[in-house]
Amino acid sequence: MSIDLSLSRLHQLLPHLPLQYTRPTIHIAGTNGKGSVSALVSSILAGCSSSSTRLSIGRFNSPHLVHITDCILLNQQPVSVASYEATRAVVLQADQQYGTKLTPFEVLTLTALQFFEQAAVDIVVMEVGMGGRLDATNVIPTECILVSALTAVDLDHQGFLGNTIEAIATEKAGIARRGKPFVLGPQSAKNRDAVEKAVKSRVEEVGARLCEPVKVEAIGKEDAEFASGDTGDFRPPKGPTTQAFIAALSSTPIHAVLPLHGAHQLDNLSTSLGVVQALLSLDDLRLDFRKVITLDAVERGIANVRWRGRLSWHEYPASGRQVPVLVDGAHNPASSRTLRTYIDSVLSSSSTKGKRFHVTYILALSHSPPKTPRDTLESLFTPTSDTTSSPPLSISAALVPFTPPTNMPWVKPVPPAQLALSVQELLSSELTPRTWTPSRDVVLGEGEENVCLKEALDWAVGLHKNGSSWDAEEVQELIVVAGSLYLVADFYRLLDGFVDAMSS
């Protein structure tokens, strides 16, 4: 089954479900950053109280990372498999009874809505799957929407959303609702005018209220120091200390360390605080947000946010030592630029002076025409910082498949051999470019261990152990797993397996 963007099946089935959705909801769309914003907003609200009772928060993200239940969270924790299966069975039964033939994502969305309604959560933070106007999450009734928000917009999924920034922004702004706040987050300089024009037009057409994000400043540079040696000492970079001000919240500025890495996360925090500011402007009979949201809750929520697989640092056990691995779900040209910018900033920090670096990318991509592998990969192999201030850097790459995600049969990996051709072109300036692909065709089953990823990690570790472009003792190694969230999920399954084995 392929992707079929439509709300007709959902509208047909909704009246026949046992529970009608009534939860107050924050709806978030965007090309990049919507998951981070949903995590930030949920983390902030999780620390808020009403009548001395903590708010209960539901959250919906897609695609899932390791297990399908990762998509549906209650108070920051995935729902149990038993709860998920029981609720999903109700949706499937209704789908079969009324012959609506829902897509897997529509089933997942309705499962989440039914679960949140049954749990009677105080607030739901809902991330759009793809686009906005025709996304399954947009079936939520207007009276339930508290705030809509749009994060950074860029080219992606052109086959479904349009071939221009204007067209894509228009589709994503389709979640705007009459009389409701619509927060437009910061946009890249090259896309800003087109996005703002499209969004303003859509918001005015619908009769929503356009709201600005909150200005966020980083106080000093992000602590981008890390170290790794034979003893396995590893200090992942710390996030930046941030400052912002919301007059309706407090006369005191917001100060908090943001544990999400990369300069783009300041924009995501800006959008998240824009949502908070919009909530404070509401006269909602269900919740008095001016009493519920406090400065302390906002600061703790920012400091406590977690969002795995987005510029996340980990230690991979290999050859008796811990090797630093940076994991990121960069899957389009914009997110690839963000990843490479972050890598350059880390390797240019004060702690790295005098060091040489070898970066090994382990990459997988989804087949997503008209976007080509080179479109996504080019930024990863192109320096973004001043080369005179950057440390010496060599690059190698391993190209692998990913295991098929649950209930998404249309998602297919680009064959590693095809990826290798693009990478070899991009590494043509290297004196001795190194690439690796699996020695055999491997058909990976859903939920299986990705043996190709395991072999690629071993190969990457061996490059440093056996010497790279320079004397191995002088080289700081860094492994980067990226290109697809499905590959990131495979890495976590592998890493969690190591952790379980060591603890048993």
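Predicted model: local features only at pLDDT ≥ 70, side-chain atom pairs only at ≥ 80, totals over all residues.
Strand S7 spans residues 123-127 and runs parallel to S1, to which it is joined by four bridges. A parallel arrangement is also found between S1 and strand S8 (residues 145-150), with five bridges joining the two. Within S8, alanine 149 is the bridge partner of isoleucine 28.

Strand S1 comprises residues 25-29, and five of the five are buried, so the strand is largely enclosed by the rest of the structure. In a regular strand, side chains alternate between the two faces of the sheet. In S1, Thr25, His27 and Ala29 point one way, whereas Ile26 and Ile28 point the other way, and all are buried.

Burial was also examined in helix H6, which covers residues 165-172. Its buried residues are Ile165, Ile168, Ala169, Glu171 and Lys172. Viewed down the axis of H6, these residues fall within an arc of 160°, and they therefore line one face of the helix.

The second largest pocket holds about 500 Å³ of space. It is lined by 24 residues, of which Arg59, Leu73, Gln76, Arg306 and Trp307 are the closest to the pocket centre. At least two lining residues are supplied by each of helix H2 (34-46), strand S6 (77-78) and helix H10 (295-304). By residue class, the lining of this pocket consists of nine nonpolar, eight polar and seven charged residues.

Technical notes
Residues numbered from 1 in each chain as written. Heavy atoms only, no water. Buried < 20%, exposed > 50% of the residue type's maximum accessible area, 1.4 Å probe, protein only. Arc of directions from axis to C-beta. Pairing = 2+ DSSP bridges. 1 Å grid on protein atoms, 1.4 Å probe; cavity = no way out; pocket = protein on both sides within 12 Å on 5 of 7 lines; lining within 4 Å. Points joined across faces, edges and corners; volume = space filled by probe spheres on them. Nonpolar A, V, L, I, M, F, W, Y, C, P; charged D, E, K, R; others polar.
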